[in-house]
Amino acid sequence: MMIRFFAVVERDLLKFKRNPVVLAMSILMPVIYLVILGNSFQGKLTDLPVAVVNQDPGPYAKRILENLRAIQAGPRTFSLLGMSDQGEAVKGVKEGRYKAAIIIPPDFSKRVALSARPEVGLFLDNPDNISAETIRNLFGAAILSMRSEYVPIRENAGEAHLRDINLFPKVDYYQSLVPGVVIMAIFLGTLTTGVFNLVMDRFLGIEESYLLTPLTRAHIVSGLVASGLSITTGIASLILVVSMLITGIPLSRALGQILPLFLVIVLATLCLLSLMFVILGRAGHPRIVGVLSGFLNVILFFPSGAVYPIASFPGWLKAFAKINPEAYAVDALKAILFRNAGLAGVSGDIAFLAVFTAVTLTFSILAFKRTL
Amino acid sequence: MQGTRAIAVSEITRKFGPLTAVDRVSFDVGEGEFFGFLGPNGAGKTTLIRMLTTLLVPTGGNAVVSGWDVAREPAEVRKRIGVVPQAMTSDLDLTGYENMDLYGRFYGIHARDRKERIRSLLDMVGLAQRANDLVATYSGGMRRRLEIARVLVHRPALLFLDEPTIGLDPQSRHVVWDFLRKLIEGDSMTIFLTTHYMEEAETLCGRVAIIDAGKIIAMGSPAELKAGIPGKDIVSLAVGNASTELAEALGGLPFVHEVRPEDGVFRIFVDSGARNLPALIDAVRASGGAILSATVHEQSLEDVFIHYTGKSIREEEARKVSFFVGAGVPQKLG
């Protein structure tokens, strides 16, 4: 009877409404996530401290130093510290004060002139992979251009040039994260609604009183999923709009595709809600939800293609992405937002999400324990 | 037993691994009866009530509640019963009214009926004024009353209460008792209650089963149970100049069964101690004795429990509570 189903839904929604902090956090967290993620992966490195010990008065050492200073003044990737004590410089790298130490030996220019294998010492703080790699590349370039007196303003006119042709409006890194952030909002929403409320009731010993009523397992599971769906899709849609505004994706793109967008959000939410039910349906302590949430987030989100393309994954991770509902949702959202794909363009993703939902939801209802 | 049977239990058993929480228990409860299970914590009361209310599947035997087998037709049983579990189960985030309204909807009761019934039930338990306050603001006694009212929304013919006054102060306990008495007077409702309070079983229940270690050890009305054990009320008289002659004189009275002199105190085993106390005092005075103090110990279900188990419920309590707290112990073991 529908009266029972709606009673389960309304109870859950009422309780959610009475906890506005949860609502505020569910909205705020994905937005913060967007900002943090957007700034923590693709930012340029600047002001890496590099110690320089030049023991060679000759011209080639001077040339190298000039090149390095040009980098310091231009992209500001590192700031140079001139030093005289070689041991002190290396020690500084070991202790983490400098990201690198460059040592130009006394006979460097002479060896260059004689072509007798000139060498420059580069001591790197190699555990910090990304900084070390950047410095190595830049320093390599500084040495290579040591022999040229000037930097050519125009490249060789005879060389072939590559011209980029963008098929779609340009998407910057920030914008490309929007689908991922929406999925993140959905993930957080499904984690704190739906089955979580069942786990909480069980933990508080309230579940008993509902099991004593004529509610069937279908009433309980589908009622909780429905209330979780309405809360989560609301939050996810809001997050979509907010993150589009923040990253400068024109809202008209969403308005033109409202039906497929909404369908993908609803189905992605249902997928995750039912998946959570399968995983947490019998959990009796909210701590289990807490422990699993971080884990689930990593294994669902990072292989979803939201941050880095699935094409870069090794075979086994690609195989996992094939059954990861978040990957399909991200794919569909990217297609709709950045390639203006319509319903037909994302029908494959939608079909997967629908089947995934049907299977997991059926399983959760059947696996729901109607006794203590 | 009156009329037809509301509950018929035969050899019901529940094991949790090596532990047998309820061990081949059989009993019947007639319609309109107020039936109680008395026993210490951990005796199996909650496990038993959970089996009768479909929350636990028995591992042996069977139970028919309101005409339906609890293991085979749990959905039919659930429609017909109201259950107040031992733990407080109302939603703190909802108001009293919302708690009751949602419950009514879980039973498929339509809006107009619900409104009317909830109002009158809240009135009956004295919560009408607080109906729109969050349950989080209620006291323990108010919350308990709300929970009793809540399971009456669908007008069950059979009400189960698991330790309904546990954790309540004496005043709230009496309010709940009065309310339960009113219920049984009104219509032909059957009430099944478990408790570890002697007084609760004695004042409320028409019939009591005493349970210990998963087994029924005695069953009957409180009066029957007390009459069934040897020994009677005990009147203890501290007499200034106690003598063997006095003891013999008292022993000769028609209502006295035995007199035990102990350090100047006579422990006199009698029928109906309170009523015969004046006659005893007269007899002592007539033989020139001076009474320093007098106490009457009337037999209670506690004595019945001691008689059958050799230990008191309170001792059992202290022993078991130190290991397990509250209801659902077997559930955790399972």
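Reader: Why are A:R136 and A:E133 separated by about one helical turn?

Author: The two are three residues apart in helix α6 (residues 129–144) of chain A, and therefore about one helical turn lies between A:R136 and A:E133. Helices (H or I, at least four residues) and strands (E, at least two) are DSSP runs, numbered from the N terminus. The model is predicted, with local features needing pLDDT of at least 70 and side-chain atom pairs counting only at pLDDT 80 or more, while totals for chains, interfaces and linings use all residues; side-chain values rest on heavy atoms, without hydrogens and water. Residues are numbered from 1 along each chain as its sequence is written, and chains are lettered from A and ligands numbered from 1 in the order in which they are written.

Reader: What makes the meeting of A:R136 and A:E133 a salt bridge?

Author: The term asks for a side-chain nitrogen of Lys or Arg within 4 Å of a carboxyl oxygen of Asp or Glu; the N-to-O distance between A:R136 and A:E133 is 3.2 Å, so the pair qualifies.

Reader: Why does A:E133 count as partly exposed?

Author: Buried means under 20% relative accessible area, exposed means over 50%, and partly exposed is what lies in between (1.4 Å probe, protein chains only). A:E133 has 39% relative accessibility and is therefore partly exposed, as is A:R136 with 41%.

Reader: Which chains does the salt bridge of A:E10 and B:R105 connect, and what makes it one?

Author: The closest N and O atoms of A:E10 and B:R105 are 2.8 Å apart, and the pair crosses between chains, from helix α1 (residues 2–17) of chain A to helix α3 (residues 96–106) of chain B. A:E10 is partly exposed because its relative accessibility is 34%, whereas B:R105 has a relative accessible area of 10% and so is buried. Both belong to a network of salt bridges that also includes B:D101 and B:R114, and over all chains the structure holds 33 salt bridges.

Reader: Why is strand β7 (residues 158–162) of chain B called mostly covered?

Author: Five of the five residues of β7(B) are buried, and this holds on both faces, with B:L158, B:F160 and B:D162 on one side and B:L159 and B:L161 on the other. In a regular strand the side chains alternate between the two faces of the sheet.

Reader: How many bridges join β7(B) to strand β6 (residues 81–84) of chain B, and what makes the two a pair?

Author: Two strands pair if DSSP finds at least two bridges between them; four bridges join β6(B) to β7(B), which run parallel, so they pair. Five bridges, again in the parallel sense, join β7(B) to strand β8 (residues 190–195) of chain B. Within these pairings B:V84 stands opposite B:L161, and B:F160 has B:F192 as its bridge partner in β8(B).

Reader: Where do β2 (19–30) and β5 (68–69) of chain B stand in the sheet, and why is one side of each left without a neighbour?

Author: The open sheet has the order β2-β1-β4-β5 in chain B, with antiparallel pairing. β2(B) and β5(B) stand at its edges with a single partner strand each, so one side of each has no neighbour in the sheet. Strand β1 (residues 5–16) of chain B pairs with β2(B) over eight bridges, and the partner of B:I7 in β2(B) is B:V29.
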